[in-house]
Amino acid sequence: MDDTTFLTELKKVENKLSSLALSLTKGNIDDAQELLQATVVRAYEKREYFTIGTRFDLWIETIMKNTHLNNVLSAQRRSIKAVVDNTAFNNT
């Protein structure tokens, strides 16, 4: 997919993506904007994997959902590590 086609398709789903980002981040506008930006960057980097003739909206929504899930899981891992590190520090 070339840059022009990517931008054209992105413009068509911009509002839908913004709504999905707000929904996934439970209304947190800053997190939603960050998620939207990360999604667009990732989709742009992977645009050669998009199959012409399939639905761009579903493809980029999947990228957004996976990005959000990765962010949530990463935050959980950092939180668990902080608790473990803090516990180990306090036992010495």
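Okay, let's start with Glu9, which is partly exposed, with a relative accessible area of 22%. For that scale, buried means under 20% relative accessible area, exposed means over 50%, and partly exposed is in between, using a 1.4 Å probe and protein chains only. Before I go on: this is a predicted model, where local features need pLDDT of at least 70 and side-chain atom pairs count only at pLDDT 80 or more, while totals for chains, interfaces and linings use all residues. Residues are numbered from 1 along each chain as its sequence is written, and side-chain values use heavy atoms, leaving out hydrogens and water.

So, who does Glu9 pair with? Its side chain meets that of Lys12 in a salt bridge, at 3.2 Å from N to O. By salt bridge I mean a side-chain nitrogen of Lys or Arg within 4 Å of a carboxyl oxygen of Asp or Glu. Lys12 and Glu9 are three residues apart in helix 1, so about one helical turn separates them. Lys12 itself counts as exposed, at 62% relative accessibility.

The structure holds six salt bridges. Another of them joins Lys16 and Glu61, with the closest N and O atoms 3.2 Å apart. That pair links distant parts of the chain, with Lys16 in helix 1 and Glu61 in helix 3, 45 residues apart. Is each partner buried or exposed, or something in between? Lys16 is partly exposed at 42%, whereas Glu61 is buried at 11%. Salt bridges with shared partners tie Lys16, Arg55, Asp57 and Glu61 into one network.

There's also Arg47 with Asp3, where the closest N and O atoms are 3.4 Å apart. Here Arg47 sits in the loop between helix 2 and helix 3, and Asp3 is in helix 1, 44 residues away. Asp3 is partly exposed, at 36% relative accessibility.

Now look at helix 1 itself. If its 22 residues ran straight, they would span 32 Å at 1.5 Å a residue, but helix 1 spans only 27 Å between its end C-alpha atoms. The expected span is 1.5 Å times one less than the number of residues. Where does helix 1 bend? At Val13, by about 55°, taking the angle between axes fitted to the seven residues ending there and the seven starting there. Val13 is also one of the buried residues of helix 1, and the others are Phe6, Leu10, Leu17, Leu20 and Ala21. Just after helix 1, Lys26 takes a positive phi of about 55°.

On to the inside. The largest nonpolar core has 15 residues, and Phe56, Trp59 and Ile60 have the most contacts inside it. Helix 1 (3-24), helix 2 (29-45) and helix 3 each give two or more residues to this core, with the largest share, six residues, coming from helix 1. Such a core is a set of buried Ala, Val, Leu, Ile, Met, Phe, Trp, Tyr and Cys residues joined through side-chain atoms within 4.5 Å.

Leaving out residues up to four places away in sequence, Ile60 touches Leu10, Val13, Leu17, Thr39 and Ala43; contact means heavy atoms within 4.5 Å. Last stop, Thr67, in helix 3 (residues 56-90). Thr67 is buried at 11%, and beyond four places in sequence it touches Leu35, Ala38 and Thr39.

Note on methods
Helix = DSSP H or I, 4+ residues; strand = E, 2+ residues; numbered from the N terminus.
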